[in-house]
Amino acid sequence: MKISVKQVSEVRGEFFDAVVVFSFEGKKVRRVFDNSLTKIVSEIVEREKFSSKFGELLVVYKYKLPRSLRFNKIVILGAGKEEKFDSEALRKLGSVISKNAEKYNYSSVVVTDGWALKKLDYSLAFRALVEGLILGTYKFDRFMSKKEEDGKKVELREAVILRRGGSVGFEEVVDKVKVVAESVFLARDLQNLPSNVATPSYIANIAKEECEKVGVRVKVIGRDEAESMGMNLFLAVARGSEEEPKFVVMEYEGGGDKWYGILGKGITFDTGGISLKPSEKMEEMKFDMSGAACIIATIIAIAKLKLKVNVVGITPLTENMPGGRATKPGDIVRGMGGIYVEIVNTDAEGRLILADALEYVKRYKPEFVIDVATLTGACMVALGYEAAGLMGNDDQLKRIIKSSSERTFERVWELPLWDEYEEYIKSNFADVKNVGNRYGGAITAAMFLKKFVDYKWAHLDIAGTAFSDKEKYYISKGGTGFGVRLLLDIFENLEK
């Protein structure tokens with residue numbers, strides 16, 4: 001999609017399929033484009049008794065417009081209550097504009113600036129609008145045998161956003177958002193692929209291919225090398241699968257001598273192993289590699305944006321299957337760092353593969369490490385689908401993550417990681433066991449991970465946010481790409 005920013009004088013006389021106008025509940029229509037269009041829109045809103053509720057559309061065709069205004073239709077977009085309007089609202093409304101292009105047959109629009117309320121941070125709000133416009137275009141139709149020919153598709157191909165003078169580096173923001181959105185789409189594509197396609201080898205190959213295009217060094221560690229390195233927890237999960245496990249290390253050097261680590265859980269399909277899951281909705285377990293998808297997409301975007309940081313991304317990739325050689329409940333395995341783990345439940349496998357990743361990253365002496373994982377159903381019980389669980393051992397790092405969460409609206413909520421929870425995962429036979437009792441499951445999973453770190457570390461449990469079973473504005477059904485925008489915002493702001 002072509003997105004540009006112009007003043008009113010620059011678009012007069014140009015033809016567009018539609019002009020988009022924002023209308024707030026109980027408020028007069030703000031000045032849009034010019035006085036003549038403002039008057040026309042005000043009359044339409046009053047005559048049609050348009051409620052202006054958030055996300056509602058009123059589309060008026062072939063309305064008599066002044067000659068200077070060359071639009072086929074007027075799209076009046078309900079912006080809801082002005083006091084509740086924020087950057088996230090604008091992100092959602094941007095997606096409403098792009099998602100409705102086919103329904104209302106417009107491929108080019110002028111977006112008027114009635115959204116630019118004084119209370120908003122203009123730069124942040126503008127970025128949110130652009131994000132919504134682009135993220136709302138995502139589709140995954142690779143396995144649809146009947147597809148509409150590209151030439152016949154009606155989709156938003158051009159959007160001009162009006163401004164009233166001044167500049168906040170609009171073009172640079174648009175370019176950045178396009179990179180971010182492409183990376184979110186890559187993460188979503190990897191998530192949405194079925195597990196018979198997105199095997200550990202397939203994802204490792206995609207990571208290597210895409211990373212090397214942007215100058216990111218990639219090392220793929222296979223079963224034999226992992227065994228020689230003592231990655232026994234990672235391999236314990238892989239034992240039941242015919243698919244070869246892959247431990248992917250991606251290094252981006254953008255400058256300086258500090259390294260940061262980002263880790264992603266990459267279970268390409270999770271049956272639970274011997275501790276077999278119920279069959280209902282097991283097909284959703286293809287999304288258990290969402291953390292890995294997030295990390296792969298993030299490090300590619302970091303490279304494309306040429307951020308001045310050094311980041312290593314690590315994604316252990318394997319299936320968790322109940323084969324004849326599969327790890328059994330009660331087995332004890334020595335991890336890469338020498339910690340013995342009693343595997344009480346083979347369906348608590350994500351923390352096992354991450355444990356070896358958390359050990360591996362120590363060689364970089366990282367300033368901090370963030371891991372991202374669809375780790376526990378318990379986190380979904382606690383927070384639903386609205387936020388990721390945040391836990392960690394450093395208050396400053398958690399504050400950084402929370403600040404980025406507020407800007408991106410990839411929401412996180414902190415759960416405690418008090419010493420008392422360590423009692424829950426004490427083993428009678430080994431240093432630690434991989435599950436506690438039925439209570440505080442998201443916390444005890446993080447407490448397990450904490451055993452393997454000696455640096456500043458934070459854990460994001462994205463079990464509830466990684467995929468969606470319904471359309472939610474700029475989030476489509478399926479993989480959400482959650483975490484990509486959040487992590488990128490963290491590293492963008494480290495430069496400042």
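In this predicted model, three strands form an open sheet in the order β12-β13-β17. The pairing is mixed. Strands β12 (331-334) and β17 (432-433) stand at the edges. Each has a single partner strand, so one side of each is left without a neighbour in the sheet. Strand β13 (residues 340-343) is joined to β12 by 4 bridges, and the two run antiparallel. Within this pairing, Val 333 stands opposite Val 341 in β13. In general, strands of a sheet pair through backbone hydrogen bonds, either parallel or antiparallel.

Helix α7 (residues 200-213) was examined next. Its 14 residues should span 20 Å at 1.5 Å a residue. The end C-alpha atoms are 20 Å apart, which agrees. The buried residues of α7 are Pro 200, Ile 203, Ala 204, Ile 206, Ala 207 and Cys 211. These residues lie on the same side of α7, because they cover an arc of only 160° around the axis. An α-helix has 3.6 residues a turn, so residues three or four places apart point the same way. On the other side of α7, Asn 205 and Lys 213 are exposed. The cover over the buried residues of α7 includes helices α6 and α10 (290-304). It also includes strands β7 (217-221), β8 (246-253), β10 (266-270) and β11 (310-320). Just after α7, Gly 215 takes a positive phi of about 85°.

A search of the whole structure finds 17 aromatic pairs. One of them joins Tyr 138 and Phe 185. This pair is tilted, with 5.1 Å centre to centre and 45° between the planes. It links distant parts of the chain, 47 residues apart. Tyr 138 lies in the loop between α5 (122-135) and β6 (158-163), whereas Phe 185 belongs to helix α6 (residues 170-192). Tyr 138 is buried, with a relative accessible area of 8%. Phe 185 also counts as buried, at 17% relative accessibility.

Trp 418 and Tyr 421 form a stacked pair, 6.1 Å centre to centre with 15° between the planes. Trp 418 counts as exposed because its relative accessibility is 54%. Tyr 421, at 15%, counts as buried. Elsewhere, Trp 115, Tyr 122, Phe 126 and Phe 170 form one aromatic cluster.

Charged side chains also meet aromatic rings. The ring of Tyr 138 has the charged end of Arg 188 over it, 5.2 Å from the ring centre. The charged end of Arg 363 sits over the ring of Tyr 360, at 3.9 Å from its centre.

Key:
Residues are numbered from 1 along each chain as its sequence is written. This is a predicted model: local features need pLDDT of at least 70, side-chain atom pairs count only at pLDDT 80 or more; totals for chains, interfaces and linings use all residues. Side-chain values use heavy atoms; hydrogens and water are left out. Rings of Phe, Tyr and Trp (its six-membered ring) pair if their centres lie within 6.5 Å; planes under 30 degrees apart count as stacked, over 60 as edge-to-face and the rest as tilted. Buried means under 20% relative accessible area, exposed over 50%, partly exposed in between (1.4 Å probe, protein chains only). A charge sits over a ring if NZ of Lys or CZ of Arg is within 6 Å of the ring centre and within 35 degrees of the ring normal. Two strands pair if DSSP finds at least two bridges between them. The expected span of a helix is 1.5 Å times one less than its number of residues. The arc is that of the directions from the helix axis to the C-beta atoms. Contact means heavy atoms within 4.5 Å.
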